[in-house]
Amino acid sequence: HMFSSFLPHDVLEQAEASTQRWADGKELGVWDGVPYTVKDNMMALPHKLCHGGHPNNCIDSYRDDVLVAKFKTQGAILLGITTMAEGGVTPMGYNLWFDGPFNPYNTDYYPGGSSSGSGVSVATGLVPVSI
């Protein structure tokens, strides 16, 4: 899986708020309504932070990291937290705890790197950017 945390109700709330802002002519900037993902080494409310580790060892985010906060103030839509190699220390990018992610163009291969879930979210066209 490319996500270690995905909260559909939160995504819908963000999208509805952005849609309303655009309808009212009060968009927050060029990023308003643009989806993005965040690697599992950054805090992003209301998601948990796992650093690619076992889900039982995750902690609740208590704030947004700086880049996440900047994206949110511009109205960008956080789709979720992407998986990463456990502790960011494997070159393959596979995460045992979240079963993946796999290369979207050939599932016999891993996407590689510690930002594997972020890479897959961009490579598939799900989002234009991941942080």
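**A chat about the fold**

Analyst: Happy to! The accessible surface of the protein comes to about 7000 Å², and 59% of that belongs to carbon and sulfur atoms. Keep in mind that this is a predicted model.

User: Thanks! How many residues are there, and what percentage count as buried?
Analyst: There are 131 residues in the protein, and 40% of them count as buried.

User: And what does the C-alpha trace span along its principal axes?
Analyst: It spans about 45 × 35 × 25 Å. The radius of gyration is 15 Å, which agrees with the value near 14 Å that a compact globule of 131 residues would have.

User: Which strands form the open sheet, and in what order?
Analyst: Four strands form it, in the order E1-E5-E2-E6, with mixed pairing. The edge strands are E1 (3-5) and E6 (129-130), and each of these pairs on one side only.

User: How many bridges join E2 to E6?
Analyst: Two bridges join them, and E2 (residues 35-39) and E6 run parallel. If you want a residue to look for, Thr37 has Ser130 in E6 as its bridge partner.

User: Where does helix H2 lie?
Analyst: Helix H2 (residues 66-73) lies across E2, E5 (77-82) and E6, and runs at about 170° to E2.

User: Switching topic: how many aromatic pairs are found in the whole structure?
Analyst: The search finds four aromatic pairs. In one of them, the ring centres of Phe3 and Phe6 are 5.4 Å apart and the planes are at 35°, so this pair is tilted.

User: Why does that angle make it tilted?
Analyst: Planes under 30 degrees apart count as stacked and those over 60 as edge-to-face, with the rest called tilted. The Phe3 and Phe6 planes are at 35°, so the pair is tilted. As for Phe6, this residue is partly exposed, with a relative accessible area of 44%.

User: Is Phe71 buried or exposed? And what about Trp31?
Analyst: Phe71 is buried, with a relative accessible area of 12%. Trp31 counts as partly exposed, at 33% relative accessibility.

User: Which residues do ring pairs link into a cluster?
Analyst: Trp31, Tyr36 and Phe71.

User: Let's look at a loop. Where is Gly93 found?
Analyst: Gly93 is in the loop between E5 and H3. At 0% relative accessibility, Gly93 counts as buried.

User: What does Gly93 touch?
Analyst: Leaving out residues up to four places away in sequence, Gly93 touches Ala85, Gly100, Pro101, Gly112, Gly113 and Ser116.

User: And where is Tyr94?
Analyst: Tyr94 also has its place in the loop between E5 and helix H3 (116-123). Tyr94 is partly exposed, with a relative accessible area of 23%. Apart from neighbours within four places in sequence, its contacts include Ala85, Asp99 and Tyr110. The C-alpha atoms of Tyr94 and Met84 are separated by 7.2 Å, and the two residues are 10 apart along the chain.

User: Got it. Where does His51 lie?
Analyst: His51 lies in the loop between E3 and strand E4 (59-60). At 39% relative accessibility, His51 counts as partly exposed.

User: One more: what percentage of contacts between residues at least 6 apart in sequence join residues at least 24 apart?
Analyst: That would be 64% of those contacts.

Technical notes:
Residues are numbered from 1 along each chain as its sequence is written. This is a predicted model: local features need pLDDT of at least 70, side-chain atom pairs count only at pLDDT 80 or more; totals for chains, interfaces and linings use all residues. Side-chain values use heavy atoms; hydrogens and water are left out. Two strands pair if DSSP finds at least two bridges between them. Contact means heavy atoms within 4.5 Å. Axes are lines fitted to C-alpha atoms, for helices over the stretch in contact, and angles run from 0 to 180 degrees between N-to-C directions. Rings of Phe, Tyr and Trp (its six-membered ring) pair if their centres lie within 6.5 Å; planes under 30 degrees apart count as stacked, over 60 as edge-to-face and the rest as tilted. Buried means under 20% relative accessible area, exposed over 50%, partly exposed in between (1.4 Å probe, protein chains only). The radius of gyration is taken over C-alpha atoms; the globule rule is 2.2 Å times the number of residues to the power 0.38. Accessible areas come from the Shrake-Rupley method with a 1.4 Å probe; for residues, only the protein chains shown count as cover.
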